Amino acid sequence: MSRPARRRVAVVGTGAIVSGSHLPALRAHAERVELVAAVDVDQGRLDAFRALAGEEVAGFTSVDEMLDAVRPGLVLIGTPPSLHRAQTVAALKAGAWVLCEKPLTLSLAEYDEIAAAEEASGAYASVIFQHRYGSGAVHARDLLTSGELGAPRVAHCQTTWHRDAAYYAVPWRGTWASEGGGPTMGHGIHQYDLLLHLLGPWAEIRAMAAQLVHDTESEDVSTALVRFENGALATVVNSVLSPDEVSRIRIDCADATVELTHLYGHRNEDWAYTPAPHVASERADAWRTPTADVPSSHAAQLGALLDAYDNGVRPPGSGADARATLEFAAALYKSAFTGQPVTAGEIVPGDPFYPAMHGDHPHWAPKEHA
């Protein structure tokens with residue numbers, strides 16, 4: 001069966017994440033995609049990107065103008081989070097599929113607007129959760145979901161990074177209106193998305209959050225205790241206060257411990273399997289990571305999306321799947337700010353944490369809402 005013609009792609013935003021991650025991903029799939037347009041409100045930045053990507057890439061300073069003129073089949077969005085909802089909805093209405101940087105939206109209410117736009121258009125919007133797509137993650141998920149490692153029992157998920165005052169001096173960082181939250185939304189979301197991908201649905205969360213160092217509206221550290229539907233218990237830590245930076249997931253199952261230790265991306269060598277004492281060595285040998293080593297990356301996720309596009313099916317990292325990760329963030333904030341446990345499915349229209357991650361809480365909401 002012949003492969004479909006190359007998909008016409010546009011990028012919205014031409015900053016570091018697009019030039020450093022999305023552009024290499026597009027080049028990795030050059031036989032399947034053609035970059036035809038770029039959008040940025042900063043003409044100088046747009047010109048610099050076109051010089052990097054190729055002058056044949058048309059430049060625009062308006063998303064709507066680009067959509068009308070180019071009619072791309074796929075739009076990659078790498079703008080600040082507060083712009084994601086409107087730009088994604090516009091692309092969907094134009095019939096384009098979307099691959100957007102995290103977080104796809106700032107709230108569950110915004111996410112459900114995108115779901116409605118998907119239904120109306122027949123196109124799909126995926127969020128960048130590239131850590132799911134490396135060969136090590138695929139292998140680990142296969143082992144866990146098949147039951148090969150035994151029942152999951154205890155897990156740890158840690159994103160302990162460091163960000164200084166200069167990082168938060170960027171105008172769109174550190175506010176609820178622009179980012180939707182602190183490290184819970186902007187940093188740790190990659191790691192706990194992978195945890196959810198590996199362990200399945202969560203059931204209950206009890207959390208705390210604090211603003212210990214940075215002069216921001218949102219938190220700079222959060223911690224959570226999580227119960228999963230399968231009975232496993234987990235801890236989740238999201239920090240931008242940690243000098244020794246590491247990203248880590250550990251899952252203790254009945255027959256093995258699986259661990260991932262890395263920082264901003266992983267390869268097969270970053271995964272380790274430790275068998276329980278009762279497990280035969282021949283069985284444990286079969287857990288070794290696969291021969292093919294596919295790093296977690298935007299390129300790996302783009303390939304999975306293009307496969308779905310070619311087959312006319314919903315891509316991974318979209319729909320209810322991606323919504324569950326955003327709901328986890330909302331539940332963490334609700335539990336941290338109210339001091340009460342939160343169950344999956346609890347945050348619905350009418351709940352203050354449905355339209356905003358701060359939940360209009362008097363100690364956490366922006367001053368104009370307090």
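Across the whole structure, a search finds 22 salt bridges, a salt bridge being a side-chain nitrogen of Lys or Arg within 4 Å of a carboxyl oxygen of Asp or Glu. The structure is a predicted model, in which local features need pLDDT of at least 70 and side-chain atom pairs count only at pLDDT 80 or more, while totals for chains, interfaces and linings use all residues. Residues are numbered from 1 along each chain as its sequence is written, and side-chain values use heavy atoms, with hydrogens and water left out.

Arginine 32 is buried, at a relative accessible area of 7%, whereas aspartate 307 is partly exposed at 37%. Here buried means under 20% relative accessible area, exposed over 50%, and partly exposed in between (1.4 Å probe, protein chains only).

Two further salt bridges can be visited in turn. Arginine 50 pairs with glutamate 55, their closest N and O atoms lying 3.8 Å apart, and glutamate 55 is exposed at 51% relative accessibility. Aspartate 68 pairs with arginine 71, again with 3.8 Å between the closest N and O atoms. Elsewhere, salt bridges with shared partners join Arg7, Arg32, Asp307 and Asp310 into one network.

Helices α1 and α12 also pack against each other, at an angle of about 50° and with their axes 8 Å apart. Axes are lines fitted to C-alpha atoms, for helices over the stretch in contact, and angles run from 0 to 180 degrees between N-to-C directions. The angle makes α1 oblique to α12, since angles under 35 degrees count as roughly parallel, over 145 as roughly antiparallel, 65 to 115 as roughly perpendicular and the rest as oblique. On the α1 side, the contact (heavy atoms within 4.5 Å) is made by Ile17, Ser21, His22, Ala25, Leu26 and Ala28. His298, Ala299 and Leu302 contribute from α12.

Technical notes. Helix = DSSP H or I, 4+ residues; strand = E, 2+ residues; numbered from the N terminus.
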